[in-house]
Amino acid sequence: MTGKSAVVIGASGGIGAAVADLLETGGEYEAVVRLSRSGDSPVPLDVTSEGSIDAAAKWLRDHHIAPSLVFVATGLLHDERNGPEKSLRQLDTAWLIKNYQVNAIGPTLIAKYLLPLMLRDGTIKFAALSARVGSISDNRLGGWYGYRSSKAALNMMIRNLSIEWSRKNQRSIIVALHPGTVDTDLSAPFQDNVPPQKLFGCGRAARQLLAVLDGLEPADSGKIFAWDGTEIKP
């Protein structure tokens, strides 16, 4: 494939689908590949399965897709049985591990397999959804042990990736993005106290995040940015 291409991971979710839609209609990319566990994914990708990530990378390679953008729009805050912990007594080993698998390990393994497929010349962008609550310096409320610490781990992974990949491509931009509170299944149980103007629809959130990405330079690689373009300190 000679034109620019983008890959969206988690493209069946609210933010991921909206990002993919905007990329497809924006005209910058000849191809936008939507990868997810279900939906229209050409090959299933589960961020908790390294084998499925490897298989997705092989599919991209076989189809001669060398993306200039990879957008990871996956994340876990709660499931049908568990939610964010409010105290130490609620900590559970299996739930903590699942938080790290989805929020930190998964995006890092995506980088392991997809960064080598990306262009070595010119600007490339790798972005993963993080969260402001993953900032250690900004933590004044406590709680949410698994989610906070797994997002903090993701932020460190992003920093590490940016350092290593800058040696291979000095035009690489590898960042974490905080989308704000978006009206998705992830935030649904926690929207009651969110002011209406601070609860973003998926389309608006996607536009804001892509606008932030458009404004970044290689000097910004390894950092965390909020939906409005402000840098979040680790």
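## Crossing of two helices

Is the crossing of helix 2 and helix 3 left-handed or right-handed? In this predicted model, the crossing of these two helices is right-handed. Residues 50-62 form helix 2 and residues 93-114 form helix 3; their axes come within 9 Å and cross at roughly 35 degrees.

Helix 2 contributes Glu-50, Ile-53, Asp-54, Ala-57 and Leu-60 to the contact, while helix 3 contributes Gly-106, Leu-109, Ile-110, Lys-112, Tyr-113 and Leu-114. Sorted by class, the contact of helix 2 with helix 3 has seven nonpolar residues, one polar residue and three charged residues.

## Aromatic pairs

The structure contains three aromatic pairs. One of them joins Trp-144 and Tyr-147 in an edge-to-face arrangement, with 6.0 Å centre to centre and 75 degrees between the planes. Tyr-147 is buried because its relative accessible area, 8%, is under 20%. Trp-144, at 26% relative accessibility, counts as partly exposed. Together with Phe-190, Trp-144 and Tyr-147 form one aromatic cluster.

Phe-200 and Trp-227 also form an edge-to-face pair, with 4.8 Å centre to centre and 70 degrees between the planes. This pair links distant parts of the chain, 27 residues apart: Phe-200 belongs to strand 7 (residues 199-200), and Trp-227 lies in the loop between strand 8 (224-226) and strand 9 (231-232). Phe-200 is buried, with a relative accessible area of 1%, whereas Trp-227 counts as partly exposed at 24% relative accessibility.

## A lysine over a ring

Trp-165 has Lys-168 over its face, at 5.3 Å from the ring centre.

Conventions: Residues are numbered from 1 along each chain as its sequence is written. This is a predicted model: local features need pLDDT of at least 70, side-chain atom pairs count only at pLDDT 80 or more; totals for chains, interfaces and linings use all residues. Side-chain values use heavy atoms; hydrogens and water are left out. Axes are lines fitted to C-alpha atoms, for helices over the stretch in contact, and angles run from 0 to 180 degrees between N-to-C directions. Helices (H or I, at least four residues) and strands (E, at least two) are DSSP runs, numbered from the N terminus. A crossing is left-handed if the near helix is turned anticlockwise from the far one by less than a right angle, and right-handed if clockwise. Contact means heavy atoms within 4.5 Å. Ala, Val, Leu, Ile, Met, Phe, Trp, Tyr, Cys and Pro count as nonpolar, Asp, Glu, Lys and Arg as charged, and the others, Gly among them, as polar. Rings of Phe, Tyr and Trp (its six-membered ring) pair if their centres lie within 6.5 Å; planes under 30 degrees apart count as stacked, over 60 as edge-to-face and the rest as tilted. Buried means under 20% relative accessible area, exposed over 50%, partly exposed in between (1.4 Å probe, protein chains only). A charge sits over a ring if NZ of Lys or CZ of Arg is within 6 Å of the ring centre and within 35 degrees of the ring normal.
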